[in-house]
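Subject: Structure for your review

Dear colleague,

Please find below the structure that I promised to hand over.

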Amino acid sequence: MLTYIARRILYSIPVLFLSSFLSFVFVSYAGNPLGNLRSNPRIPANTLRLVAERNHLNDPVVLRYFYWLKDFVTDKMGKSLLTFQPIWPDVHRTILHTAQVVLIAECLAIILGVAVGIFSAIRQYSVFDYTFTSLSFLGYAMPTFWLGLLLQILFVDIYLKWHVRIFYTSGLNNIGQGTWSLDRLQHIALPVVTLCVVSFALYSRYMRASMLDVINSDYVRTARAKGVAEWRVVTRHVVRNALIPVVTVAALNLGGLLGGAIVTETIFTLDGFGYYFIQSLQNSDFYAVMAYLVVTSVIIILFNLIADVVYGYLDPRIRYD
Amino acid sequence: MTDSPTPVPPAAQVAPPEQTIDGMVVAPATFGEDSTVAAGLEVAVRSQWDYARRRFLRHRLAMIGFVGLVIIFGAGIFANWVAPYRPTDIDLNNILHAPAVAGQHYFGTDDTGRDYLSRVIYGIRTSLEVGVTVAFVSSIVGLIIGAIAGYYGGLIDNLLMRLTDLVLTLPALAVLLTAAALLGQGSQWRLTFILAGFFWTGIARVVRGVFLSLREKEYVEAAKASGAGDARIMFRHILPNTLGPIVVNATISVAAAIITEAALSFLGFGVNPLTTPSLGGLLSSAQANPQQWWLTIFPGLTIVLITLCVNFLGDGLRDALDPSQRRVRA
């Protein structure tokens, strides 16, 4: 197992190298990184020339990539070409905000999704099953941005009509409030619900399908035949095995979301990693965009690896060698 | 998902009311009257496609999805005739008019008095064009890459699959946004091809898998022995076996492309909202008027309906095109 993990990590280094190089070439050919500065009439041409010189912007793109890579690795992701501020503090701050929202949402979604999936499968074709299967179909078809907008409209309306503030519809905190305060909860509740509904639809569908697969398998019939009590069959034989594919999906989904829930964060103007990316992109802050792309690629590769390892650990029939 | 034969409880064997596949209720596949043979020994000859068509027509949800899509996409295709107004007609006397039958604005009007129903219908047209083109182009690209990788194997396979892995490890939405922002520049067709550049990986993997397993079959060997070239074997002998998964995958990717395009337009990096109304663009501009609920409800509801119908249709096609389903009538 350890050699497998080591090999995967070693293999991901050239992948990251290649993908960051491609992104870099792509980003640098597509626009002038100093475009925003150039359009500012108060910056003299000489300054621009100096800035370009100091950041090696006149060199061929391959060289520039290595300059950028050196800064990225040795200088904590380097500095923005737009503001000349270091990138790392922004990344650090926003990714923690994203992690808070995403982890709360995913925990809720997994608990609810697994529970609903179990009951749907045990009581197949019951009213409960039909209700939640339809709901998860709906949740699956619902674009995140629409759900977010609906929640936002609803709570703006509630505030305007009755002047009660249940949840805030944008931002992260009122002034002077901390990371784990009621105020923060009121702010992140709606993004959490938005993310949770979408993930819940995914997990409950997976859990139900995987439960049904296991319920009809031979070893469950054997367990029943030798007289194991029904609840014990379900908890010991069925649920445990049915969880295996769900854990994998959850790991992959978590990896995708931790890289910034771009749409949700943008709707609720949440100071997360995805919103940071959108703002950098709008400002043509190319090195910040590059930092985002590299960090999210690392997260995705990491969670792919975690998913595979956990799968191999939970299901002894899978062997990596 | 998997089509392992589900044991049918004894009571159900007498009169099977319904067969479930992946949580979907499927109408029982029984012998049609014409094949139970009135005349005695003759049995109507049916091809694989006949069976597929029959299974599809009996799939209730798939038919609902199909009819729903015909209506929604029909409105989009014939937008010029269906829409009551042109999407760009400005009526400054009727700004932010709530939906009403009386004023002939069934979906209300937006902040410059444009008829919202017309804008949604033209938005459907944009979504449809993007979705179908992306599905088509990405299927062709995925098909070719998957076929070459699976058929030739070895180094070529390794290279092509590493390329696929590379695309899959990129954060899709972020790269799409970057590409759309830098290359798309609001053009619908540029955006379509950017999307297609990310959608081919799924098809490529499926096709490769089928090619890998089928190229060792006896009939392929026979074709080789009788002097068929590589291209003929690939496209004439193996390809038809991959059509089922390809059709299902393409159907689902229509919905995925429509949602992705809407997300890009919503974030302001998609189709230029000034020239082309799109469902995501409409939702984006609706954010300026959160009090006018209809501006948000109708485009979003349209996207949800399209996605639901496409998913139903895709599930039905998957069940219908799976030849192993024949066991149902055995």
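How many helices and how many strands are there in chain B? In this predicted model, chain B has 12 helices and two strands. Starting from the N terminus, the order of its elements is α-β-β-α-α-α-α-α-α-α-α-α-α-α. Chain A, by comparison, has 13 helices and zero strands, and its pattern along the sequence is accordingly written α-α-α-α-α-α-α-α-α-α-α-α-α.

**The two chains in outline**

Chain A has 321 residues, of which 40% count as buried. Its C-alpha trace spans about 85 × 65 × 30 Å along the principal axes. Of the contacts in chain A with a separation of 6 or more, 70% are accounted for by residues 24 or more positions apart. In chain B, buried residues make up 42% of the 330 residues. Residues 24 or more positions apart account for 69% of the chain B contacts that have a separation of 6 or more.

**Confidence**

The predictor assigns the complex an ipTM of 0.83 and a pTM of 0.82. Chain B has an average pLDDT of 79, and 84% of its residues score at least 70. Among the elements of chain B, helix α5 (residues 116-152) has the highest mean pLDDT, 91, whereas helix α1 (residues 10-14) has the lowest, 39. Over residues 1-37 of chain B, pLDDT stays under 50. The model has 45 contacts beyond four places in sequence for that stretch.

**Where the chains meet**

In the model, 34 residues of chain B are in contact with 36 residues of chain A. Which elements of chain B give two or more residues to the side that touches chain A? They are α6 (154-169), α7 (172-184), α10 (230-266) and α12 (293-321) of chain B. Sorted by class, this side of chain B has 23 nonpolar, 10 polar and one charged residues.

Helix α4 of chain A covers residues 61-74, which is 14 residues. From its first C-alpha to its last it reaches 20 Å, close to the 20 Å expected at 1.5 Å a residue. Tyr65(A), Trp68(A) and Phe72(A) are buried in α4(A). Why do they lie on the same side of α4(A)? They do so because they cover an arc of only 70° around the axis. The general principle is that an α-helix has 3.6 residues a turn, so residues three or four places apart point the same way. On the other side of α4(A), Leu63(A), Lys70(A) and Thr74(A) are exposed. After α4(A) comes Lys76(A), which has a positive phi, near 50°.

**A residue in helix α1 of chain A**

Tyr29(A) lies in helix α1 (residues 2-30) of chain A. Is Tyr29(A) buried or exposed? Tyr29(A) counts as exposed because 10 other C-beta atoms lie within 10 Å, and the cut-off for exposed is 12 or fewer. Val61(A) belongs to α4(A), which covers residues 61-74.

Yours sincerely,
A colleague

Terms used:
Residues numbered from 1 in each chain as written. Chains lettered and ligands numbered in written order. Predicted model: local features only at pLDDT ≥ 70, side-chain atom pairs only at ≥ 80, totals over all residues. Helix = DSSP H or I, 4+ residues; strand = E, 2+ residues; numbered from the N terminus. Expected span 1.5 Å × (residues − 1). Buried ≥ 20, exposed ≤ 12 C-beta atoms within 10 Å, placed from the backbone. Arc of directions from axis to C-beta. Contact = placed C-beta atoms within 7 Å. Nonpolar A, V, L, I, M, F, W, Y, C, P; charged D, E, K, R; others polar. pLDDT = per-residue confidence, 0-100.
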